[in-house]
Amino acid sequence: MSLDSDTLAQLLDTVRRFVSERLRPLEAHISETDEVPEAVVAEMRELGLFGLTIPEGYGGLGLSMEEECLVAIEMGRTSPAFRSVFGTNVGIGSQGLVMFGSDAQKAKWLPGIASGEIVTSFALTEPEAGSDSAAVKTRARLDGDAYVLDGQKIFITNADKAGLFTVMARTDPDKAGGAGVSAFLVPGDLPGLHVGPPEKKMGQQGAHVCTVSFDGVRVPIENRLGAEGEGFKVAMRVLDRGRLHISAVCVGVAERLIADCVAFAAERKQFGKAIAEFQLIQAMIADSKTESLAAKALTLETARTRDAGKSVTLEAAAAKYFASEMVGRVADRAVQIHGGAGYIADYGIERFYRDVRIFRIYEGTSQIQQIVIARETMKAGG
């Protein structure tokens, strides 16, 4: 499903104005309080942001991958914590259900996810499983009409607000690696499911990650997502899409930082003239602009390829690798261009410097992307 060009332009304009008029003035407040105000979350629900990728038949907007990336770029122009509020509903928290769910599962959960009434979460990472995602130890034992889940997940985004978790758990302890892992839709209010307090983090205050524990949680058989042993496949397909979304957010943040650098360099004077006139400042702006354009082109081209129904495992990994490393370099240059002001909290640049650091880690570290890119390239003969 794709929107017509007028509807898409209208959506992007609405998001752009929401970001500039409503969200940007709140950036410092969110950072200090570690909380996005409920009034803002309610506005996000009204705008349909929780349902961007949910099919229209279930109350969502049913955006294509390219359209989702264009919205993510706009959302990248403000603190990433705002996007995180609905990011799991749009991506990793819902897409397993969209791609692999039965008709009954979709009818039960997707309308609430699309409206934002249900917040979703994706529970894969464990103390010994993250980059090695096939090393899942959380156990799901079949007992009558339910699976009994025992184990622990860590660094789970939006866990403290989640009404529904997509959980990866091992159903066959005799099968090593991904073959013994299955995916489950686990409501957040089931007995034995416990969510710990939000972790204190380096950046992205307002976006919460928590530990989630499962102690004898009984999950009905009908809540299994796909067949037994398909969990790893579910996770990998979900991450392909999530990696493109993150790439687009990185592009948006880079564009925001470049605009801030240009505005600052035009005003800040040294040696009797604006620092924008100095070629070494211009070089940093030029490098940042060139890299952000390259990341944008790679991200949108890969999104279009995915929309055409082709596999993009290699290209999505390349986009995420390049875009997340790129925005780190742009943020570093932004601090440098702002000089002392870049290091002071009031200007907000140091906050972005911390915020973007996670992009090189979650949904597959840069090193995991390199492995995927090399493996897929060698498989294809170069």
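A residue is called exposed when its relative accessible area is over 50% and buried when that value is under 20%, with partly exposed in between. The model is a predicted one, and the values that follow are computed from it.

A pair of aromatic rings is described by the distance of the centres and the angle of the planes. Across the whole structure, a search finds 4 aromatic pairs. One of them joins Phe271 and Phe278, whose ring centres lie 6.1 Å apart and whose planes meet at 85 degrees, so that this pair counts as edge-to-face, given that angles over 60 degrees fall in that class. Phe271 has a relative accessible area of 79% and is therefore exposed, whereas Phe278, at 22%, is partly exposed.

Phe359 and Tyr362 also form an aromatic pair, with 6.0 Å from centre to centre and 55 degrees between the planes, an arrangement described as tilted. Here Phe359 is buried, because its relative accessible area is 0%, while Tyr362, with a relative accessible area of 21%, is partly exposed.

From the rings we turn to a valine in a helix. Val85 is located in helix H5, which covers residues 80-90, and with a relative accessible area of 12% Val85 is buried. When residues up to four places away in sequence are left aside, Val85 touches Val36, Val41, Met44, Phe50 and Asn158.

Notes: Residues are numbered from 1 along each chain as its sequence is written. This is a predicted model: local features need pLDDT of at least 70, side-chain atom pairs count only at pLDDT 80 or more; totals for chains, interfaces and linings use all residues. Side-chain values use heavy atoms; hydrogens and water are left out. Rings of Phe, Tyr and Trp (its six-membered ring) pair if their centres lie within 6.5 Å; planes under 30 degrees apart count as stacked, over 60 as edge-to-face and the rest as tilted. Buried means under 20% relative accessible area, exposed over 50%, partly exposed in between (1.4 Å probe, protein chains only). Helices (H or I, at least four residues) and strands (E, at least two) are DSSP runs, numbered from the N terminus. Contact means heavy atoms within 4.5 Å.
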